[in-house]
Each structure stands twice: as structure tokens, then as C-alpha cells.
Amino acid sequence: MAEELTYEKAVKRLEEIVNLLEKNEASLDESMKLFEEGTKLAAFCNKKLTEAKQKITEINKD
């Protein structure tokens with residue numbers, strides 16, 4: 001069973017990807033894979049933050 005991705009886990013993995021890319025040690029192919037993974041994680045985090053903001057807005061309306 002795959003572990004559920006949380007916002008915190010996604011941010012941690014994004015930090016790891018940034019560090020790996022900044023080291024400039026990965027091959028071009030590996031860098032592209034990391035970049036693609038990072039892009040997906042960033043979109044996931046953005047979605048989670050948007051959902052949280054909407055929920056807070058709804059709570060404040062009540």
C-alpha cells in the first residue's frame with residue numbers, strides 16, 4: 001500500500017529535489033526527472049494551500 005502524500009511530505013521532498021539540483025551533480029536525464037517530480041509536487045502543494053485558504057474563508061463567514 002502506497003503511503004499517502006501530505007503537504008508536509010511534499011514540501012520535504014521538494015526541498016530534497018532543490019538541493020539535488022543545486023548540487024549540479026545529476027545527469028541531464030536525472031535532472032529532468034527531478035524537475036518533473038518537483039513540478040508535480042509544487043502543483044500538489046499549491047492545490048492543498050488553495051483548499052486550506054478556501055476552508056478558512058468558509059469558516060470565517062460563519
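Residues are numbered from 1 along each chain as its sequence is written. Because this is a predicted model, local features need pLDDT of at least 70 and side-chain atom pairs count only at pLDDT 80 or more, while totals for chains, interfaces and linings use all residues, and side-chain values use heavy atoms, with hydrogens and water left out.

**The two helices**

Let's start with the helices. Helices here are DSSP runs (H or I, at least four residues), numbered from the N terminus, and strands would be E runs of at least two. Helix H1 covers 7–23 and helix H2 covers 28–61.

How far does H2 reach from its first C-alpha to its last? The answer is 49 Å for 34 residues, close to the 50 Å expected at 1.5 Å a residue. That expected span is 1.5 Å times one less than the number of residues. H1 has 17 residues and should span 24 Å; its end C-alpha atoms are 25 Å apart, which agrees.

**Where the helices meet**

Now for the inside. Buried means under 20% relative accessible area, exposed means over 50%, and partly exposed is in between (1.4 Å probe, protein chains only). A nonpolar core is a set of buried Ala, Val, Leu, Ile, Met, Phe, Trp, Tyr and Cys residues joined through side-chain atoms within 4.5 Å.

The largest nonpolar core has 5 residues: Ala-10, Ile-17, Leu-34, Leu-41 and Cys-45. H1 and H2 are the elements that each give two or more residues to this core, and H2 gives the most, with 3.

Which residues of H2 are buried? They are Ser-31, Leu-34, Gly-38, Leu-41 and Cys-45. What covers the buried residues of H2 includes H1. The spacing of such residues has a simple background: an α-helix has 3.6 residues a turn, so residues three or four places apart point the same way.

Take Leu-41 as an example. Contact means heavy atoms within 4.5 Å. Leaving aside neighbours within four places in sequence, Leu-41 is in contact with Leu-5, Ala-10, Arg-13, Leu-14 and Ile-17.

Ser-31 is another buried residue of H2, with a relative accessible area of 19%. Not counting residues up to four places away in sequence, Ser-31 touches Leu-21 and Ala-26.

**Before H1 and between the helices**

Thr-6 sits in the segment before H1. Is Thr-6 buried or partly exposed? At 27% relative accessibility, Thr-6 counts as partly exposed. The side chain of Thr-6 reaches the backbone nitrogen of Lys-9 at 3.1 Å. Thr-6 and Cys-45 are 39 residues apart in sequence, yet 8.7 Å apart in space, C-alpha to C-alpha.

On to the loop between H1 and H2, where you'll find Asn-24. Just after H1, Asn-24 takes a positive phi of about 60°, although Asn-24 is not a glycine. Asn-24 is exposed, with a relative accessible area of 68%.

**Charged pairs**

Side chains of opposite charge can pair when their charged atoms come close. A salt bridge is a side-chain nitrogen of Lys or Arg within 4 Å of a carboxyl oxygen of Asp or Glu. How many salt bridges does a search of the whole structure find? It finds 4, and the table shows some of them.

| Pair | N to O distance |
|---|---|
| Arg-13 and Glu-37 | 2.8 Å |
| Lys-40 and Glu-36 | 3.5 Å |
| Lys-47 and Glu-51 | 4.0 Å |

Begin with Arg-13 and Glu-37, whose side chains meet in a salt bridge. Arg-13 lies in H1 and Glu-37 in H2, so the pair ties together parts that are 24 residues apart in sequence. Arg-13 is partly exposed at 25% relative accessible area, and Glu-37 is partly exposed at 30%. Arg-13, Glu-16 and Glu-37 are also linked in a network of salt bridges.

Next come Lys-40 and Glu-36, which are 4 residues apart in H2 and separated by about one helical turn. Lys-40 is exposed, with a relative accessible area of 55%, whereas Glu-36 is partly exposed at 45%.

Lys-47 and Glu-51 also both lie in H2, 4 residues apart, about one turn of the helix. Lys-47 is exposed at 53% relative accessible area, and Glu-51 counts as partly exposed at 35%.

Technical notes: Polar contact = N/O pair within 3.5 Å; in protein donor to acceptor, adjacent residues only side chain to side chain.
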